Amino acid sequence: MDDEMRVKSPLEGRIYGEVSGWLTIIGILVAIAGVIIGISGNSIFDYQSTVKDLLSGLNEEKVWEKDTYMHTELHGYWFLTILHTGDGIAMFGIATVVYGGIAGMICLFASMFRSREILFYKKGLYTILAITILSVMLLLAWEASLH
Amino acid sequence: MQTLVVIPTTIKFFVEIFAFCFSIGFVAIIAGTGGGVLFTSFLLGFTSIHPDIVRATGLLSAVAGTRMGAQTYLRSIANIRIALFLAAPYTVFAVIGAYFGLYLTGHFGSYGVAILKLMLGLIVLFIGILYIFIKKTEYPESEGDRITQKLGLEIPYYEKSLDRVVEYKLKHAPLAFLICCGVGFISGTFGLGAGWAIGPTINLIMLAPLKVATTTSAVIISIGDTAAIVPYFISGSLIPIFAVPAVMGLMVGARIGARVAVRTKARYVRYILTLILLFAGIRLVWVGLWMMR
């Protein structure tokens, strides 16, 4: 038991795991609720033709254009404007899953600032690695907001 | 706003996707791998669903499954330093791969899809053969090497079954770093996940204990594929009626499979998995070549 306590894994890792893990669970539950609401009628899709078009190999652009009442290709965070529909809620859930990892990395990075020893461990190598990963993630999320 | 006229078709589709993905998650976890490889290769080889949609959903499944694992693993065994060290190249190249995959299908149309299927077929065949020959080692012996020791990657962990702290020394960190560049690219391009490569890399090349390798590989995939999925998310490749039952099925299948796994001879399941992969790989190559003609 003493050994178990002595080698407790680093806090930054545990924080990443908890934040991203819980956001993933919440996101999946929201997405499931959204799809159930969508199937029961409150949907932007004509599901019957969506299923047919998915199975016939139409790409995502055509599916969005042809099978939603919006009749347009949807990019970025479009779902925020239709959160009153099942598909809006489902996409919000999926977005929570996707961005849960980014939230986890932000918390991991922030937790590195709790001591100089951790922040500059091995000349700050792990801090630089965390910054690199986080920058890529944030750049992509920002790009999504431009669409 | 349109409302549904025929609900049963949708529900049937939802249940079929769930059941299919449940079986994949169930078999894959018993064989000791993630479901990403099976999911993507099967759906691309045997259905007409567009590759962008399949790959995006494959990545979402990989992300969701590995994150749930990472939450538990990072409390004890998984090594966050190895994870950050290998997740950095994996992330960058997974994003490049994701854009490359979208470029192929977006700019070359059905020819791009054919190339994608052909390449995926060859990779799946390679993974199938890899499963035959890879022999994982529980506690590899290693003295470490100078460069790897300088990185300070090792974090000892408490092993309950031995009731002691396990310390280990790692080797070949630069080689593992390079391998993760390639694996990240493949994962992002094909939406495969990367459990088939990263676990063995940490275990057999860096010589980390098997438990550290498998748990840390889940953390790396959870970080890297988070970035890789964003381009697909932006481009609208995640369609709820397909993505949600697929992710649910894979996760529930993996969870139940994990319970069955302790009572099953994994070796035989691995042989079955290898056969399935070889079959799916040959089919993908054939479909790719046929489409190119």
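1. Two residues are in contact when they have heavy atoms within 4.5 Å of each other. In that sense A:Thr24 touches A:Val97, B:Ala64, B:Arg67 and B:Met68, leaving aside residues up to four places away in sequence. The model is a predicted one. That should be kept in mind for every point below.

2. Stay with A:Thr24 for a moment. This residue sits in helix α2 of chain A. Is A:Thr24 buried or exposed? A:Thr24 is buried, and its relative accessible area is 0%. Its side chain also makes a polar contact with the side chain of B:Arg67, at 2.6 Å.

3. Now the whole interface of the two chains. On the chain A side, 78 residues are in contact with chain B, and 71 residues of chain B take part. About 6,200 Å² is buried between chain A and chain B. Carbon and sulfur atoms give 74% of that area. Which three residues supply more than any other three of the area that chain A buries against chain B? They are A:Ile39, A:Leu54 and A:Glu60, with 11%.

4. Next, the polar side of the interface. Between chain A and chain B, 16 residue pairs are in polar contact, counting pairs with both residues at pLDDT 80 or more. Six helices of chain A each supply at least two residues of the side that touches chain B: α1 (2-6), α2 (11-39), α3 (47-55), α4 (60-67), α5 (86-111) and α7 (125-146). The largest share comes from α2(A), with 16 residues. By class, this side of chain A has 44 nonpolar, 23 polar and eleven charged residues.

5. How many salt bridges does the rule find across the interface of chain A and chain B? The rule finds one. A:Glu18 forms a salt bridge with B:Arg75. Their closest N and O atoms are 2.6 Å apart.

6. A:Ile82 deserves a look within chain A. Its place is the loop between α4 and α5 of chain A. A:Ile82 is buried, because its relative accessible area is 3%, and buried means under 20%. Beyond residues up to four places away in sequence, A:Ile82 touches A:Ile44, A:Tyr69, A:Met70 and A:Gly88. A:Leu139 is 57 residues from A:Ile82 along the chain, and their C-alpha atoms are separated by 25 Å.

7. Most residues other than glycine have a negative phi. A:Lys122 is not a glycine, yet has a positive phi of about 50 degrees. A:Lys122 lies in the loop between α6 (116-119) and α7 of chain A. It is partly exposed, with a relative accessible area of 35%.

8. The second case is B:Leu207. Its phi is near 60 degrees, a positive value in a residue other than glycine. Where is B:Leu207 placed? B:Leu207 is in the loop between α7 (195-205) and α8 (210-234) of chain B. B:Leu207 is buried, with a relative accessible area of 18%.

9. Last, confidence. The predictor gives the complex an ipTM of 0.91 and a pTM of 0.90. Chain B averages a pLDDT of 88, and 96% of the residues score at least 70. Among the elements of chain B, helix α6 (residues 173-190) has the highest mean pLDDT, 94. Helix α10 (residues 266-292) of chain B has the lowest, 85.

Conventions. Residues are numbered from 1 along each chain as its sequence is written. Chains are lettered from A and ligands numbered from 1 in the order in which they are written. Side-chain values use heavy atoms; hydrogens and water are left out. Buried area is the accessible area (1.4 Å probe) that two parts lose on being put together, summed over both. A salt bridge is a side-chain nitrogen of Lys or Arg within 4 Å of a carboxyl oxygen of Asp or Glu. A polar contact is a pair of N or O atoms within 3.5 Å; within protein, one must be able to donate a hydrogen and the other to accept it, and residues adjacent in sequence count only if both atoms are side-chain atoms. Helices (H or I, at least four residues) and strands (E, at least two) are DSSP runs, numbered from the N terminus. Ala, Val, Leu, Ile, Met, Phe, Trp, Tyr, Cys and Pro count as nonpolar, Asp, Glu, Lys and Arg as charged, and the others, Gly among them, as polar. pLDDT is the predictor's confidence in each residue, from 0 to 100. Buried means under 20% relative accessible area, exposed over 50%, partly exposed in between (1.4 Å probe, protein chains only).
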